[in-house]
Amino acid sequence: MKLGPPLLLCLAAALSSAFVISPPHMWTKLILTHHWPNTFCVMEHCHSNISYWAIHGLWPDKGTFCNSSWQFNSSLIEDLLPDMEKSWPNLLKPLTTFFWNQEWRKHGTCAAKAESLSSQHKYFSKALELYHKLDLNGILRKFNITPSEKYYAFSQIEGVIENFYGVKPKIQCIPPSKNADAQILGQIEICFNPDFTLLDCEKHGYWDNHLAVDKASEFHVCDHNIPVYYPPLS
């Protein structure tokens, strides 16, 4: 059957309308990554006197560098800067905005697909809010998981986090070197649904196979069977 012009126009309009109202694929998981500064600086050859878990980033599980034209502007988050400097410090280039600039361009522009994170201020303030609400540093201390020359069983660290928050985290370590008998604790990821309720990090979203996150090449998911070294400040 041959379609006449009116039907063709109707079909074209319908297809055009469907295209316009179809939303782009959305991220399904948000990852708040904490890193232990002492371990980070072992890898990156920096020096840190920070003795608490700091923010590494707030990462959606889909995409990186989603809008190259959306540049970082520190004047838009001026009210957040005192907290940023303490909670989200730049370990490699202190007293600069380099780290935040990188995190915004790589991850913030993708997180901003959600209305709740659709500006630089919303993105960075939400990361700080989640970080303070979780208080990972305080919770670990409360249950006697503190930096120490003694080793921990992996299950001790994971168990405290899982039992307190009710979700499974993702914990990353530097694997033991050739002559070492322990892995070094480095990063702890705690995950959220798009509505910012807690989520098991092992629950995969649609885009997990395409996830690209900031992870130093020496970090790997911790081995459950190898003791964990939680290094104090050197």
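A disulfide is here a pair of cysteine sulfur atoms within 2.5 Å. This is a predicted model, in which local features need pLDDT of at least 70, side-chain atom pairs count only at pLDDT 80 or more, and totals for chains, interfaces and linings use all residues. Residues are numbered from 1 along each chain as its sequence is written, and side-chain values use heavy atoms, with hydrogens and water left out.

**View A. The disulfide of Cys41 and Cys46.** By the sulfur cut-off, the count comes to 4 disulfides. One of them joins Cys41 to Cys46, with S to S at 2.1 Å. The torsion about this S-S bond is about -95°, so the link of Cys41 and Cys46 is left-handed. Cys41 is buried, at a relative accessible area of 6%. Buried means under 20% relative accessible area, exposed over 50%, and partly exposed in between (1.4 Å probe, protein chains only).

**View B. The disulfide of Cys173 and Cys222.** Here the S to S distance is 2.0 Å. The link of Cys173 and Cys222 is right-handed, with 90° about the S-S bond. Cys173 sits in strand S4 (residues 170-174), and Cys222 in the loop between strand S7 (220-221) and strand S8 (228-229), so the pair ties together parts that are 49 residues apart in sequence. Strands (E, at least two residues) and helices (H or I, at least four) are DSSP runs, numbered from the N terminus. Cys173 counts as buried at 1% relative accessibility. Cys222 is buried as well, at 4%.

**View C. The disulfide of Cys191 and Cys201.** Cys191 and Cys201 are joined at an S to S distance of 2.1 Å. The torsion about the S-S bond is about 105°, so this disulfide is right-handed. The pair links distant parts of the chain, 10 residues apart: Cys191 is in strand S5 (residues 183-192), Cys201 in the loop between strand S6 (198-199) and S7. Both Cys191 and Cys201 are buried. With the bonded cysteines of the protein chain numbered in sequence order, the pairing reads 1-2, 3-4, 5-8, 6-7.

**View D. The crossing of helices H4 and H5.** Two packed helices are described by the angle between their axes and the distance between the axes. The axes of H4 (residues 98-111) and H5 (residues 120-134) come within 10 Å and cross at roughly 100°. H4 and H5 are therefore roughly perpendicular to each other. From H4, the contact uses Trp100, Glu103, Trp104, His107, Gly108 and Ala111; from H5, Gln120, Tyr123 and Phe124. Contact means heavy atoms within 4.5 Å. The residues of this contact divide into 5 nonpolar, 3 polar and 1 charged. Axes are lines fitted to C-alpha atoms, for helices over the stretch in contact, and angles run from 0 to 180 degrees between N-to-C directions. Angles under 35 degrees count as roughly parallel, over 145 as roughly antiparallel, 65 to 115 as roughly perpendicular and the rest as oblique. Ala, Val, Leu, Ile, Met, Phe, Trp, Tyr, Cys and Pro count as nonpolar, Asp, Glu, Lys and Arg as charged, and the others, Gly among them, as polar.

**View E. Strands S1 and S2.** S1 (residues 30-35) pairs with S2 in the antiparallel sense over 6 bridges. Strands pair if DSSP finds at least two bridges between them. Thr33 stands opposite Gly57 in S2. In S2 (residues 54-60), 7 of the 7 residues are buried, so this strand is largely enclosed by the rest of the structure.

**View F. The surroundings of Asn137.** Asn137 belongs to helix H6 (residues 136-142). Asn137 counts as buried, at 13% relative accessibility. Leaving out residues up to four places away in sequence, Asn137 touches Trp36, Ser51, Tyr52 and Trp53.
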